[in-house]
Structures are given as structure tokens and as C-alpha cells.
Amino acid sequence: MVTVRAPATSANLGSGFDVFGVALDRPADVVHVEKADRTTIEVTGVGRQYIPTDPDRNVVGAVAEALDAPAHIRIDKGVRPSSGLGSSAASSAAAAVALNELYDRGLSREELVPVAAEGEAVVSGEPHADNVAPALLGGFTVATDDGVTTVDADIPLVACLPEIAVSTRDARRVVPSRASIEDMVHTVGRAATLAVGMCRRDPELVGAGMDDRIVTPARAELITGYHDVREAALEAGAEGVTVSGAGPSVLSVCHASDRTRVAGAMLEAFDETDVAARAYKTRVGRGAEIFDI
Ligand SMILES: Nc1ncnc2c1ncn2[C@@H]1O[C@H](COP(=O)(O)OP(=O)(O)O)[C@@H](O)[C@H]1O
Ligand SMILES: N[C@@H](CCOP(=O)(O)O)C(=O)O
């Protein structure tokens, strides 16, 4: 048996739609795999009632097929599904690392990115890699058609998860199909600022670089209370706030000394709009880890 822990992730970071991602140091999924003649799946943990055990509908089934590695796969969910915190990607990444080890396939973490992205295609319709890349490699990742670039960033974050479900598939439908040249220039500037901020471990630059005029405004409308939560976080000292992944989680970047205040302000603002929520005080963290063979 092989056991792997893979972290939650936050994709896009505003200006980096389908490209940027960060691994969070918590929460995480834990996946256990054992060789079998055909793939079977068992799910425990948070949100298990919303997760199919049919290998054709669970992301780990697609990963097992891509690696030609049938197994009994037990997923202990720590990352709630439809959270905007890369729940499906955490399972995909953990399964990819675990099955690669179990069957001795010898693929590197970088080579496992497209394998784990096959799992994402099962739930969102397209194999986007911006969650699975940080879940596998850790840090801040830039996923393009040519591969993945990683930065071992250390940035404090607050991820606030409201009790609303937004499916990635639905949230992809509201993404505009066109953008003006002015908005593209703005986005490129912000994305470049964010990447420099990650390299310099500078929360102010990362926060300034999160601003996005193209995708985030459309997605924000799917999240009850988003604008109030954003304002409250900024007033409490956040350097930048955006939708985490496809939502509904809201991500703030801040200095470590402001993290508790920012988390409290975000929770209070959701509460004032009658939405229950929980906040993860976290930071950019490590990728998937094998902790039992
Ligand atoms: N192993 C899995 N973990 C989480 N969700 C899964 C898994 N397999 C299939 N799903 C389905 O994927 C959807 C959640 O994925 P997604 O909408 O991308 O949410 P998130 O933003 O949390 O990743 C749900 O419909 C869930 O049933
Ligand atoms: N780039 C994707 C990221 C989806 O992230 P998730 O955590 O919501 O699954 C998108 O924005 O659609």
C-alpha cells in the first residue's frame, strides 16, 4: 500500500487565469492505493456524500486509467468539493503520485502534471493544470502549454470558504470569451507584478498583482457577499483579495502579522450576509508527499 498527502491549491490568483497556482499548507487530501485487478474507489471525509465512487466519474479513476494502474483507491477528503480550493486536483495529484510509486512507473513530478490534469477534465470538461501543478510540485507555479515553472515562494494567505457550492464547470461558463486590448495590457502588467512578488516573497507586490478585470468580475457575481468580504479583508490589512480558483472561496494575501485580523474580518463579513464560512490561515506550502509505503 502507498499513502500520499496532497494539498489544497488556489488557482488563477486573479490575473493568472488557468496559468497561476499556489499550494496551500492546509487543508489536504490523503489517498491510499493498493494493487487490484480493476479500479475501485472508496471516499471518506469532508463532502464525501457529493463525490462519486464510480471510476468513470471520480478524478482518480481517470488518473488510474492514464497510468494503466488499476487499484483499490481510498480517498480521505480534507478539501471540500466545489470549494475553489482544488479539491478534485488534490485527489488527482495524490493518486498520480501514489500510483506512480505503487506500479514503479518512474515518472517525475513534472511528468505527472498532464496525467493528473486528465482527472480535472472529468469534472471541469477541460484538462487545466493550474491546480494539479502546485498540488504536485508545491510553491507558486506557472503552468503553460510548454510545461510548468515553479517558485519556492513563502507568502502568508487566508482562504475563506463559505458554505456555498460553485462548480468549476458552471464557473467556466461565465468566463468572457473576449477581452479588450486595454484589459489584456492591464492583466499582463498585473500578472508580471505578481510573479515578481512571488520571487521576492513580497506580499505587497503579490497583492497588487492579483487585480483582474476580465474573469474575476464575472465570477464574483456567483459568490454571495464577495464584495463586502473583499472590502473587509482590505480594511483589515490584506494586500490583495481575489476569488480562489473558480470560487466560492475568497483568497487574501497579507503579512503574517495581519493574518488573524484578516481572517476574522472575512468571516464577519460573510456572517453579515448570512453565509456561514470557515477561514484557513495558511501560506504557500509544499506539494504532494509520500508518507507511507
Ligand atoms: N476525488 C474527488 N474529489 C473531489 N471532487 C471530485 C472527486 N471526483 C469527482 N469529483 C467531483 O468534482 C466536483 C468538484 O470539483 P470542482 O468543481 O473542480 O471543485 P474544486 O474547486 O473544489 O476542485 C464535484 O462535482 C465532485 O463530485
Ligand atoms: N483555472 C480554473 C481553476 C479552477 O479551480 P478550482 O479550485 O475551483 O477547481 C478555473 O478558474 O476554472
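This is a predicted model: local features need pLDDT of at least 70, side-chain atom pairs count only at pLDDT 80 or more; totals for chains, interfaces and linings use all residues.

Student: Where is Ser 83 found?

Tutor: Ser 83 belongs to the loop that joins strand S4 (71-77) to helix H2 (87-102). Gly 86 lies in that loop between S4 and H2 as well.

Student: With which residues is Ser 83 in contact, leaving aside neighbours within four places in sequence?

Tutor: Ser 83 is in contact with Leu 161 and Ser 249. Pro 248 lies 165 residues from Ser 83 along the chain, yet their C-alpha atoms are separated by 5.8 Å.

Student: Which feature does UniProt place at Ser 83?

Tutor: An unreviewed UniProt entry gives the feature "binding site" at a list of positions, including Arg 80, Ser 83, Gly 86 and Ala 90.

Student: How does one describe the way H1 and H2 are placed relative to each other?

Tutor: One compares the directions of the two axes, and an angle under 35 degrees counts as roughly parallel. The axes of helix H1 (residues 59-66) and H2 cross at roughly 30° and come within 8 Å. H1 and H2 are therefore roughly parallel to each other. The crossing in which H1 passes H2 is right-handed.

Student: Which residues of H1 and H2 meet?

Tutor: From H1 come Val 59, Val 60, Val 63 and Ala 64, and these meet Ser 88, Ser 91, Ser 92, Ala 95, Ala 96 and Leu 99 of H2. By class, this contact of H1 with H2 has 7 nonpolar, 3 polar and no charged residues.

Student: How many residues of H1 are buried?

Tutor: In H1, 6 of the 8 residues are buried, and the helix is mostly covered. The buried ones are Val 59, Val 60, Gly 61, Ala 62, Val 63 and Ala 64. They pack against strand S2 (20-35), strand S3 (40-45), S4, H2 and helix H3 (109-124). Just after H1, Asp 68 has a positive phi of about 50°.

Student: At what angle do H9 and H10 pack?

Tutor: Helix H9 (residues 226-235) and helix H10 (residues 259-272) pack at about 155°, their axes being 8 Å apart. H9 is therefore roughly antiparallel to H10. Their crossing is right-handed.

Student: Which residues of H9 meet H10?

Tutor: Asp 228, Val 229, Ala 232, Ala 233 and Glu 235 of H9 do so, and their partners in H10 include Val 262, Met 266 and Phe 270. The contact of H9 with H10 comprises 8 nonpolar, no polar and 4 charged residues.

Terms used
Residues are numbered from 1 along each chain as its sequence is written. Chains are lettered from A and ligands numbered from 1 in the order in which they are written. Helices (H or I, at least four residues) and strands (E, at least two) are DSSP runs, numbered from the N terminus. Two residues are in contact if their C-beta atoms, placed from the backbone, lie within 7 Å. UniProt positions are given in the numbering used here, feature names are shortened, and annotations may be inferred rather than shown by experiment. Axes are lines fitted to C-alpha atoms, for helices over the stretch in contact, and angles run from 0 to 180 degrees between N-to-C directions. Angles under 35 degrees count as roughly parallel, over 145 as roughly antiparallel, 65 to 115 as roughly perpendicular and the rest as oblique. A crossing is left-handed if the near helix is turned anticlockwise from the far one by less than a right angle, and right-handed if clockwise. Ala, Val, Leu, Ile, Met, Phe, Trp, Tyr, Cys and Pro count as nonpolar, Asp, Glu, Lys and Arg as charged, and the others, Gly among them, as polar. A residue is buried if 20 or more other C-beta atoms lie within 10 Å of its own, exposed if 12 or fewer, and partly exposed in between; C-beta atoms are placed from the backbone.
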